[in-house]
Amino acid sequence: MDGDVTPLPGSVVARVLARSLLVQAAWNYTSLQGVGAAFAMLPALDYLHRDPEAFGEALQRHAEPFNAHPYLSSLALGSFCRMEAEGESDDRIRRFRTAVGGPLGALGDRLVWAAWLPLCTVVAVCLYLAGLGPLWTVLAFLVVYNTGHLALRVWGFREGWEAGIGLAVRLRSAHLANLSRSVERWLVGALGFLVGLAILVPTLRGELPVPWASAAVIVTALGAILGPRVWRPTAAATVIAVASILTFGFFV
Amino acid sequence: MTALALAVLGGLVALDGAALIQTMVSRPLVAGTLAGAVLGDAALGLQIGAILELFLLVGVPAGGGRMPDGGIAAVVALAAAAAAPGAGGLALGVAGGLVWGDWAGRGQEWVRSWNATHVPLPDRGPVSPAAVHRSIVLGLLAEAGRGVVFTGAGVLLARAVAPPLAATWPLSQDPTLALLLLGGLVSVGVVFRGRGLGVRASVLFGAGVVLGLVAGWTAT
């Protein structure tokens, strides 16, 4: 962390980071992550604002509505801490809080929810299909996923602190969008690997009848063509199919 | 006693889903395996968790949106499958887990609406550290309570209903598994579409298929 501003003590940073793990603990439809962000900021505010009035004002602004991707909220928290340490005006911090949430949400959704999580999940399912035991499969998933997850949180706070109000510029040079694209490419490859392992291998071995394998290829293609709108109807159709078979002995 | 243990597990996975850390213990793959371990069959847990995982692959908590609770779905599915061993229990478990997980996801909406009544808001008056701490604790308790209640109720219902229903299930293990996988594979296609259907994505997907084929063929 650079030398323009006195860095926060390690114990304060550790407490802010630990509390950021609960940023969604009281998620609600009014202030979203607002109270969680205020909770995470408390150790830093307590350290930076010795004057009770200044502390109260700072807590007030950090309890305002706020929402970002939970993992990347540490980026925002790092920036907020820096801005508080630099004595930025109340108005400037409030406007920054309002502006930064959306982009961090979109960036995190794309990198974590739409790429890293499905990649780790698909790889874990492949490991299971390849014969890895339950304990090792789950352990591998948790260790790999959370290595990325926790690294992102720690990196985020550090970047946020170093960038302060210049977070947007800093994020552009961090190439998170490029990282998302790389992870997505691996995900696409892993999806293909899963299809090869789960459908083609058992079919070639004669363990999966050709009509079932054909149906599997067709529904996968349908998912790719029709997109997210078929996800819920498909789950509902599976439930209805199970209920129908139970009730009427259909397809027997 | 195992019902209580599963309900507690449901509370933990509900917390992990959004409110606390999000280590993804709440994903069906992990929650199913843990529930299986509680019930003495971790392999069955992983199998059901993997099937549910395929269904819920696109169900991620982006933007605070409501999604089925995959962790609770997996625990309840395991309770059903363990209560009625065989293909019928597997089918009932997955189908029942999907329905129950969806309801548990709706329960999260209630918790989030209730949270709005106790969080300190700046426009309602001065915010104190004590009020912030209180809201965090209440939010965690509500989320854990949701998990315990939904999972406990689901487990009890699954244990009562699964054995008699599963006894009438007419299909054997393989077609049952294939039927369930068909539903899950749609999500695989949906996730692929989300990454774009361009030439590069198709080449990568094709390379993955070939590698999967080779790896699977040579593995045994």
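Trainee: Which residues does A:Leu72 touch, leaving out those up to four places away in sequence?

Mentor: A:Leu72 touches A:Leu104, A:Leu107, A:Gly108 and A:Gly156. Contact means that the C-beta atoms, placed from the backbone, lie within 7 Å. This is a predicted model, where local features need pLDDT of at least 70, side-chain atom pairs count only at pLDDT 80 or more, and totals for chains, interfaces and linings use all residues. Residues are numbered from 1 along each chain as its sequence is written, while chains are lettered from A and ligands numbered from 1 in the order in which they are written.

Trainee: What makes A:Leu72 count as buried?

Mentor: Set its count against the cut-offs. Buried takes 20 or more other C-beta atoms within 10 Å of a residue's own, exposed takes 12 or fewer, and partly exposed is in between; again, C-beta atoms are placed from the backbone. A:Leu72 has 28 C-beta neighbours inside 10 Å, so A:Leu72 is buried. Its place is in the loop between α3 (52–62) and α4 (73–85) of chain A. Helices here are DSSP runs of H or I with at least four residues, strands are runs of E with at least two, and both are numbered from the N terminus. A:Gly105 is 33 residues away along the chain, yet its C-alpha atom is 7.6 Å from that of A:Leu72.

Trainee: Why is B:Thr218 called exposed?

Mentor: B:Thr218 has 8 other C-beta atoms within 10 Å, so it is exposed. B:Thr218 lies in helix α8 of chain B. From B:Thr218 to B:Ala73 it is 145 residues in sequence and 35 Å in space, C-alpha to C-alpha.

Trainee: How do you know that the span of α4(B) agrees with expectation?

Mentor: The expected span is 1.5 Å times one less than the number of residues. α4 (residues 70–83) of chain B has 14 residues, which should span 20 Å, and its end C-alpha atoms are 20 Å apart, so the two agree. α4(B) is also mostly covered, with 13 of 14 residues buried.

Trainee: And what does α1(B) reach from its first C-alpha to its last?

Mentor: α1(B) reaches 25 Å with 18 residues, close to the 26 Å expected. Of those 18 residues, 13 are buried. Just after α1(B), B:Ile21 takes a positive phi of about 65 degrees.

Trainee: What are the corresponding values for chain B?

Mentor: Chain B comes to eight helices and zero strands. Its C-alpha trace spans about 65 × 50 × 25 Å along the principal axes. Of its 220 residues, 60% count as buried. Take the contacts in chain B with a separation of 6 or more: 73% join residues 24 or more positions apart.

Trainee: Which residues have the most contacts inside the largest nonpolar core?

Mentor: A:Leu191, A:Leu194, B:Ile48, B:Val75, B:Val76, B:Ala77 and B:Val94 do, in a core of 161 residues. Its largest share, 19 residues, comes from helix α5 (residues 90–129) of chain A. Such a core is a set of buried Ala, Val, Leu, Ile, Met, Phe, Trp, Tyr and Cys residues joined through C-beta atoms within 7 Å. Beyond its neighbours within four places in sequence, A:Leu194 is in contact with A:Val122, A:Val125, A:Cys126, B:Val188 and B:Gly212.

Trainee: How many residues of chain B are in contact with chain A?

Mentor: 86 residues of chain B are in contact with 83 residues of chain A. α7(B) gives the most to the side of chain B that touches chain A, with 16 residues. That side divides into 61 nonpolar, 20 polar and five charged residues. Nonpolar covers Ala, Val, Leu, Ile, Met, Phe, Trp, Tyr, Cys and Pro, charged covers Asp, Glu, Lys and Arg, and the others, Gly among them, are polar.

Trainee: What ipTM and pTM does the predictor give the complex?

Mentor: The predictor gives an ipTM of 0.93 and a pTM of 0.93. Chain B averages a pLDDT of 92, and 96% of its residues score at least 70. pLDDT is the predictor's confidence in each residue, from 0 to 100.

How values were computed:
Two residues are in contact if their C-beta atoms, placed from the backbone, lie within 7 Å.
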